[in-house]
Structure formats: C-alpha cells, structure tokens
Amino acid sequence: MARGRKLIDLTGRQFGALSVLRRSGTDAHRHPIWECRCACGRHWRALGYCLTEGRLSRCGFCRTEMRRAARALKGKNVGDHVSHSP
Ligand SMILES: [Zn+2]
C-alpha cells in the first residue's frame with residue numbers, strides 16, 4: 001500500500017528551542033513522533049507535523065512557564081507610560 005507521503009527525517013533539525021534527537025514511534029493516527037531535547041534540558045516527544053508547521057518550538061514545561069509569565073504580565077499595567085506633550 002503505497003502512500004504519497006514519505007517520512008521526513010527530522011533528526012538533527014532545530015525547531016525553536018527543540019533539537020530533534022531521534023524518531024520515537026508513531027501516535028494512534030500513525031503520525032511520526034520525534035524525541036527532542038529542549039533548551040531547558042528536558043526531553044520531549046513531539047509530533048513531527050507540529051514541529052514542521054511551527055506549532056511547537058519548546059517543551060511542555062517551557063510552554064507552561066511561558067503561559068504563567070504571560071498571565072503575570074497581564075496583571076500588571078504594561079505600557080502605562082503617559083507622555084506629556086505640551
Ligand atoms: Zn523546555
């Protein structure tokens with residue numbers, strides 16, 4: 001059964017903070033999963049198409065941290081600089 005899509009080898013590729021180490025099986029829909037190492041040092045298994053489509057650029061821990069930081073930032077009044085023009 002030949003399918004048009006061929007597997008893209010992502011080994012050694014860099015996607016944001018994630019560098020791809022090796023192929024790590026497939027998910028339930030036969031999408032290839034790749035084992036990556038994040039800039040934070042954690043290993044993270046990511047779906048190949050999420051990486052190539054730019055949906056994923058860091059591990060889940062870093063994304064949680066980013067969301068937390070974004071929420072903290074929202075609480076403050078950012079850009080509350082009033083310029084006094086004469
Ligand atoms: Zn990370």
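Helix α2 lies largely in the open, because none of its 16 residues is buried (a residue is buried if 20 or more other C-beta atoms lie within 10 Å of its own, exposed if 12 or fewer, and partly exposed in between, with C-beta atoms placed from the backbone). The helix covers residues 60-75 and reaches 23 Å from its first C-alpha to its last, close to the 22 Å expected at 1.5 Å a residue; the expected span is 1.5 Å times one less than the number of residues.

This is a predicted model, in which local features need pLDDT of at least 70 and side-chain atom pairs count only at pLDDT 80 or more, while totals for chains, interfaces and linings use all residues. Residues are numbered from 1 along each chain as its sequence is written.

**Overall layout**

- The protein has two helices and four strands; helices (H or I, at least four residues) and strands (E, at least two) are DSSP runs, numbered from the N terminus.
- Read from the N terminus on, the elements run β-β-β-β-α-α.
- Of the 86 residues of the protein, 16% count as buried.
- Among contacts with a separation of 6 or more, 29% come from residues 24 or more positions apart; two residues are in contact if their C-beta atoms, placed from the backbone, lie within 7 Å.

**The sheet**

- Four strands make an open sheet in the order β1-β2-β3-β4, with antiparallel pairing; two strands pair if DSSP finds at least two bridges between them.
- The edge strands are β1 (14-15) and β4, each of which pairs on one side only.
- Five bridges join β2 and β3 in the antiparallel sense, and valine 20 stands opposite cysteine 36 in β3.
- Five bridges also join β3 and β4 in the antiparallel sense.
- Cysteine 36 stands opposite tryptophan 44 in β4, and glutamate 35 has arginine 45 in β4 as its bridge partner.
- Strand β4 has a covered face with Trp44 and Ala46, and an uncovered face with His43, Arg45 and Leu47.

**The nonpolar core**

- The largest nonpolar core has 12 residues: Leu10, Phe15, Leu18, Val20, Trp34, Cys36, Cys38, Trp44, Ala46, Leu51, Leu56 and Cys59.
- β2 (18-26), β3 (32-37) and β4 (43-47) each supply at least two residues of this core.
- Such a core is a set of buried Ala, Val, Leu, Ile, Met, Phe, Trp, Tyr and Cys residues joined through C-beta atoms within 7 Å.
- In soluble globular proteins, nonpolar side chains tend to be buried together.
- Leucine 10 touches Val20, Trp34, Gly48 and Leu51, when residues up to four places away in sequence are not counted.

**The two hairpins**

- The hairpin of β2 and β3 has five residues between the strands, and arginine 30 there takes a positive phi near 65°.
- Arginine 30 is found in the loop between β2 and β3, and its positive phi occurs in a residue other than glycine.
- Most residues other than glycine have a negative phi.
- Arginine 30 counts as exposed because 7 other C-beta atoms lie within 10 Å.
- The hairpin of β3 and β4 also has five residues between its strands, and glycine 41 in the turn has a positive phi of about 100°.

**Leucine 47 and aspartate 27**

- Leucine 47 has its place in strand β4 and counts as partly exposed, because it has 17 C-beta neighbours inside 10 Å.
- Leaving out residues up to four places away in sequence, leucine 47 touches Asp27, His31 and Ile33.
- Leucine 47 and proline 32 are 15 residues apart in sequence, and their C-alpha atoms are 6.0 Å apart in space.
- Aspartate 27 lies in the loop between β2 and β3 and is exposed, because 11 other C-beta atoms lie within 10 Å.
- With residues up to four places away in sequence left out, aspartate 27 touches Ile33 and Leu47.
- From C-alpha to C-alpha, aspartate 27 and leucine 47 are 8.0 Å apart in space, although 20 residues apart in sequence.
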